[in-house]
Amino acid sequence: MTSEKFRRQLRQEAEQWWKEGLIDAELYGTLSDRYRFSKLESEASSRFTTILIGLGGILLGLGVISFVAANWMVWSREVKLTLLMTLFVGINAVGFYLWRSRDRGGTHKLGAALLLLGGLVLGANIALVSQMFHQSGPLYQLFLVWSAGVWLMAVSLALPSLGILSALLVSIAYVPAIVDAANASDLTVWHFAALYMPSLALLLWVPLACRCGSNITFGLTAVLVSGSIFGNIAMLQGWAIEGAIVLPPALLWAYSVRPPRLLQRPAFDTIARSLAILILASAFYLLSFNQWMYFEISDFGFRPELGRHIAIEGLIVAAVTLWLWLRLLKQLDRFRPFQARSLNTGIVALMLLISGVTIYVHLHLQPLPVLAPLIFNILLFFLAISAIRDGLGFGSRRTFWGGMVLLVVGIVTRMLEYDTGLLLKSLVFVGCGIGVILAGLWFERNVEIDRAESRSLPEEIS
């Protein structure tokens, strides 16, 4: 959608063109209808009204909070509960009414803001009601319940802001929940929620992101799934650590919301695969250090009950990942959107296989203190060079500069890690600097040439 600033400038220029005779009244009317010149002033007035209402609402809210704080200890439990419920229902009712109005401008945005405020008020209500009825517990339990309530609101309204809030809340709750589960003598439903968080996120928050159409919600959910897989397996003191490193990028790379027989591009494929490459790059970089002599399975045992649930969850995630990869391989026979890239499905599968096998052999069969870091350094530089090649081939600045940064960081890290002379280090730094400058200038020049050729192509055809 075009910005208001552009529309105002276009209206100004169009009026000047009309006065100078460059365009006629009919063309000016077409531009006016297309870019809604007549609604510019009303939209500005509506936005100004929204700002005033928002400021007034903030001041009104502060006044209500101060009044409630001054009388909170005096009121009875029934009065407090009635006030909290009235506040929650009132904010959401007004927000829903404004959000569903025909005015898709300031009124609609104000309604969405009030609904988000209703989601925040829900958390305050849960905390205060728990306090009134003397229900105490860890803070992460509040965040889990709060996230579930906001999830219901987001699913009902398909509102992206509520989906983001719900994903943030459950992500905040996971870390203290899994730590508490590792130290608890008896597992509760809260601990099970943390132990099975990857499946819960895939089952609840990924569909929520699809319903809301929110890239941010999906990105937060993908990070939560990857982090919870690694966090769960990390409690096994080294057992199945290869699964913690391989499963998250494998799951994200194969993710697809594409129906089996349709070929349209899924909404979140790009985000999922970008995160998969980012996780791979981070894993290769960390495992490329020459510290593998300290990388071994811990002698400390883990609780069998905890290990059993982690194993069950790992098998569930592994089964979902395998199913997605089978679907992906079937679709590649007739739909190959990424096969022209260096970082395609086959290459990613090979890198995942090499990573998993190397870690497994080192931990369970034969220590590889020299060969393992060499393998991961090769994988790191191969990933960087492949990203640079894809950036050049497809004119993607983000991919190109991501590969360049990864390549330079890998070279500089190896020079600082090993005992090399200052002269050699200085030469490497200077070489990297000159290489980055030349590569950047060459990339920008070729991108501009490609854009100029693409703009001239329609003229040549005509």
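Visitor: At what angle do the axes of helix α6 and helix α7 cross in this predicted model?
Guide: The model is predicted, with local features requiring pLDDT of at least 70 and side-chain atom pairs pLDDT 80 or more, while totals for chains, interfaces and linings use all residues. Residues are numbered from 1 along each chain as its sequence is written, and side-chain values use heavy atoms, without hydrogens and water. Helix α6 covers residues 139–157 and helix α7 residues 160–183, and their axes come within 8 Å. The two axes cross at roughly 155°.

Visitor: Is α6 roughly parallel or roughly antiparallel to α7?
Guide: Angles under 35 degrees count as roughly parallel, over 145 as roughly antiparallel, 65 to 115 as roughly perpendicular and the rest as oblique. Because the axes cross at roughly 155°, α6 is roughly antiparallel to α7.

Visitor: Is Asn-92 buried or exposed?
Guide: Asn-92 is found in helix α4, residues 77–99. Buried means under 20% relative accessible area, exposed over 50%, and partly exposed in between, with a 1.4 Å probe and protein chains only. Since Asn-92 has 13% relative accessibility, this residue counts as buried.

Visitor: How many disulfides does a search of the whole structure find?
Guide: A disulfide is taken as a pair of cysteine sulfur atoms within 2.5 Å. The sulfur of Cys-210 has its closest cysteine sulfur in Cys-212, 9.6 Å away, which is too far for a bond. The number of disulfides found in the whole structure is zero.

Technical notes
Axes are lines fitted to C-alpha atoms, for helices over the stretch in contact, and angles run from 0 to 180 degrees between N-to-C directions. Helices (H or I, at least four residues) and strands (E, at least two) are DSSP runs, numbered from the N terminus.
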